[in-house]
2 protein chains.
Amino acid sequence: MAKKTDSKRPEASSGSRTNARVKARDVETKRKLVNLADEFVTKVMAGGEPKIEIPTRARSNTLWNKKRGILEMGDARQERQLFNLNQAKQFMQTVLHASTIKDLIEAEKTSSLRGVFYKAKHTVAGTKENTFDDQDESDPILEDLEVALGSLREELHIFAENRGAMVGNITVVDKGDEIDCRRMGSGGYAMPSIVEPDVIEFKKCEAKFVLHVEKGTVWNRFNEDRFWEKHNCILTHGAGQPPRGCRRLLQRLNQELKLPIICLLDCDPWGHYIYSVIKQGSISLAFESTRLAIPDAKFLGIRAKDYVACGLPEAVKINLSENDIKRAKEIAAYPWFEHHRGWQKEIDLLLSNQFKMEVESLILKGISYVTEEYVPERIRKKDWLD
Amino acid sequence: MAKKTDSKRPEASSGSRTNARVKARDVETKRKLVNLADEFVTKVMAGGEPKIEIPTRARSNTLWNKKRGILEMGDARQERQLFNLNQAKQFMQTVLHASTIKDLIEAEKTSSLRGVFYKAKHTVAGTKENTFDDQDESDPILEDLEVALGSLREELHIFAENRGAMVGNITVVDKGDEIDCRRMGSGGYAMPSIVEPDVIEFKKCEAKFVLHVEKGTVWNRFNEDRFWEKHNCILTHGAGQPPRGCRRLLQRLNQELKLPIICLLDCDPWGHYIYSVIKQGSISLAFESTRLAIPDAKFLGIRAKDYVACGLPEAVKINLSENDIKRAKEIAAYPWFEHHRGWQKEIDLLLSNQFKMEVESLILKGISYVTEEYVPERIRKKDWLD
């Protein structure tokens, strides 16, 4: 069973990524890691205390940059000292993960968050103390390293779960393989977790915009109706809240190819939150906003006005729960929505409607109403919130 | 923005599926639907009671066919009568869904479970009674129709969420698009929900087996190491419990191309359950086993013996919870495991170990230990449970 096939791409058959850009990036990340370690050693040798300074990832240190239209991390920093009972464990965890990442870079391999957790998990020799008890302890340490090193998680060779798919008028090159997203059938191209330019390159692209939908089932309707072909676009979904890889790919399509990102999400606080994260970034990943946020992303619908505007039947209504109402009010108070007249109106109407609506309910106006009338008309009129 | 692109595949640009096999299948499904309706009408005209007979989908009517090695549905049937207060609503719901399906077939379109739910959801004229209150009422009615008509959900033009990805030494044709799974980069081909032969055709395939792993993160490790190229296979994952489309595609690879399906899952009751469903089918979809179950699927690992056999460190251990122990005992009592010496030993050892293990923990033996040593050695020795 282990017969080797004739490889048509010998340059990649070793599993290692050899392109020059990756190499340079990896050399730089490794240099930062080694520097970090050298600093400890130097301090200890000089009789000082080994410590790491880590920018504070917390709501209190998250700032809304109105001009740039994104969430950013402030200047607050915290120390992590080895000779401090409350910090010694986290110090050790940080160093352990830094060491794993160095191994990954040297091996030219990537690993999952869970893999890195396991790699560092062990009982400290001569004690009953575990380095990590569960992954919830491990993931934030990796985020600390991202901010402390100023390196993206992807640059640290760590990936998350793959989620989402893409089709449309674009060709991408993924690790040397040319993928024509115009010929991906009903399934589509599965978006990977790491989509940096050295992994994913954009080649020929005729598309004029990206339509991003929330769910795979909605994406199927658009793909089956070949919406992307008729309207010359790219069609993506993130299987709910889009993972980091999906957001980053959308941002690259927006920044590098200047494609508008048009979102079709549910008319409920969850849909609004997904849009908010795509647009401005999230608090937990504020240090990443520059690389993830898409300030000019557009919210096409479903809009609270649509019940009347589209003459939708009673059956589309789903009552708002107590929690929906609470969330809607929280979202309305986000600094980027707070002074946005369109969004204030939108959320007010959602609340006074007392019901939410899902994209899939538009089937009540016809199987392809959403692909043939609703979206094309809104795009033609530029009728969206941004 | 709505500029039309030059289509290189005009035969498919209308979004309709035109191949002859689909047409014939659709004609047949529609004939069954019309027959169902005609029967009601005939009965009413003759002064009789309109009713539908539906095979009973319940544990009590699920049989283990030892010879075939799959779960099957028994002969028990239940009536659904219009003139019975307890059954009238379900009768009406069944007829409503049958009508939506007829519409979908005539429009040559598919829809999601949620879409079909919305299509039928409304308040009955002149009353305050809703046809459906939520999707939990709707999905079972669609399964009833599947069994009553003897048509697969896919033949009824209904899809579920897409989940899972595939790479490897195979070319598939998906709705006319040729997809070379050897050149799908780091992302892979996203497996669609409907994978019947008229949607997905197998073309050139050199692969000698399929390695199916539980999670996308593990799949990434194997893809990055180009395991499928070195060992001439196909690599799939189902993002956890594999959805129907993924199971069906694996079964087709097994039946049509005679490829062994080798599963790499966690050493815990959840991993065992996933294997059990892939192999024998599930109770809720027993009527579908012939089309979904893969009786000769193999369980390669992680095995309970591996802690000792592979010299794994302490850190791989995760304590079994009360619920794990309960589930493990339930699974051991499944008729197809009950008299299987290997599986009895496996579950006994899991229970006496008192810990479970995940595939990802093998990183403790090295980043690529799982792809370079563990799996290749087990495959060479045919060391698996089946």
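Modeller: What follows is a set of questions about terms, each answered from a value. Keep in mind that this is a predicted model.

Biologist: Start with helix packing in chain B. What makes H3(B) roughly perpendicular to H4(B)?

Modeller: The crossing angle. The axes of helix H3 (residues 113–120) and helix H4 (residues 135–149) of chain B cross at roughly 105°. The range for roughly perpendicular is 65 to 115 degrees. The angle falls inside that range, so H3(B) is roughly perpendicular to H4(B). The two axes come within 9 Å.

Biologist: Which residues of H3(B) meet H4(B)?

Modeller: On H3(B) they are Leu113(B), Arg114(B), Val116(B), Phe117(B) and Ala120(B). They meet Gln135(B), Ser138(B), Asp139(B) and Leu142(B) in H4(B). By class, this contact has five nonpolar, two polar and two charged residues.

Biologist: Now helix length. How do you know that the span of H8(B) agrees with its number of residues?

Modeller: Helix H8 of chain B covers residues 269–280, twelve residues. At 1.5 Å a residue they should span 16 Å, and the end C-alpha atoms are 16 Å apart, so the two agree. Helix H1 (residues 20–45) of chain B can be checked in this way too. With 26 residues, H1(B) reaches 37 Å, close to the 38 Å expected.

Biologist: Why is H8(A) called largely enclosed?

Modeller: Because ten of its twelve residues are buried. Among them are Pro269(A), His272(A), Tyr275(A) and Lys279(A). They pack against strands S3 (70–73), S14 (261–264) and S15 (298–301) of chain A, and also against helices H7 (244–257), H11 (322–332) and H12 (335–338).

Biologist: Take single residues. Why is Lys175(A) called buried?

Modeller: It has 22 other C-beta atoms within 10 Å. The cut-off for buried is 20 or more. The count passes it, so Lys175(A) is buried. Lys175(A) sits in the loop between strand S8 (170–174) and strand S9 (177–180) of chain A.

Biologist: And why is Glu108(A) called partly exposed?

Modeller: Glu108(A) has 17 other C-beta atoms within 10 Å. Buried needs 20 or more, and exposed needs 12 or fewer. The count lies in between, so Glu108(A) is partly exposed.

Biologist: What makes Ser321(B) exposed?

Modeller: The count is 12 other C-beta atoms within 10 Å. Exposed means 12 or fewer, so Ser321(B) qualifies. Ser321(B) lies in the loop between strand S16 (318–319) and H11 of chain B. Its C-alpha is separated by 8.9 Å from that of Gln354(B), 33 residues apart along the chain.

Biologist: What is noted about phi in Glu108(A) and Lys175(A)?

Modeller: Each has a positive phi without being a glycine. Phi is about 55° in Glu108(A). For Lys175(A) it is near 50°. Glu108(A) is in the loop between helix H2 (88–107) and strand S5 (111–112) of chain A.

Biologist: Last, the contacts between parts. How many residues does each chain bring to the other?

Modeller: 67 residues of chain B are in contact with 67 residues of chain A. The side of chain B has 23 nonpolar, 23 polar and 21 charged residues.

Biologist: Where are the domains within chain A?

Modeller: The assignment gives domain 1 (17–48 + 85–159) and domain 2 (165–380). Their C-alpha centres lie 34 Å apart. Eleven residues from domain 1 and seven residues from domain 2 make the contact. H1(A) gives the largest share of the domain 1 side, three residues.

Definitions and conventions
Residues are numbered from 1 along each chain as its sequence is written. Chains are lettered from A and ligands numbered from 1 in the order in which they are written. This is a predicted model: local features need pLDDT of at least 70, side-chain atom pairs count only at pLDDT 80 or more; totals for chains, interfaces and linings use all residues. Axes are lines fitted to C-alpha atoms, for helices over the stretch in contact, and angles run from 0 to 180 degrees between N-to-C directions. Helices (H or I, at least four residues) and strands (E, at least two) are DSSP runs, numbered from the N terminus. Angles under 35 degrees count as roughly parallel, over 145 as roughly antiparallel, 65 to 115 as roughly perpendicular and the rest as oblique. Two residues are in contact if their C-beta atoms, placed from the backbone, lie within 7 Å. Ala, Val, Leu, Ile, Met, Phe, Trp, Tyr, Cys and Pro count as nonpolar, Asp, Glu, Lys and Arg as charged, and the others, Gly among them, as polar. The expected span of a helix is 1.5 Å times one less than its number of residues. Domain bounds come from an automatic or database domain assignment.
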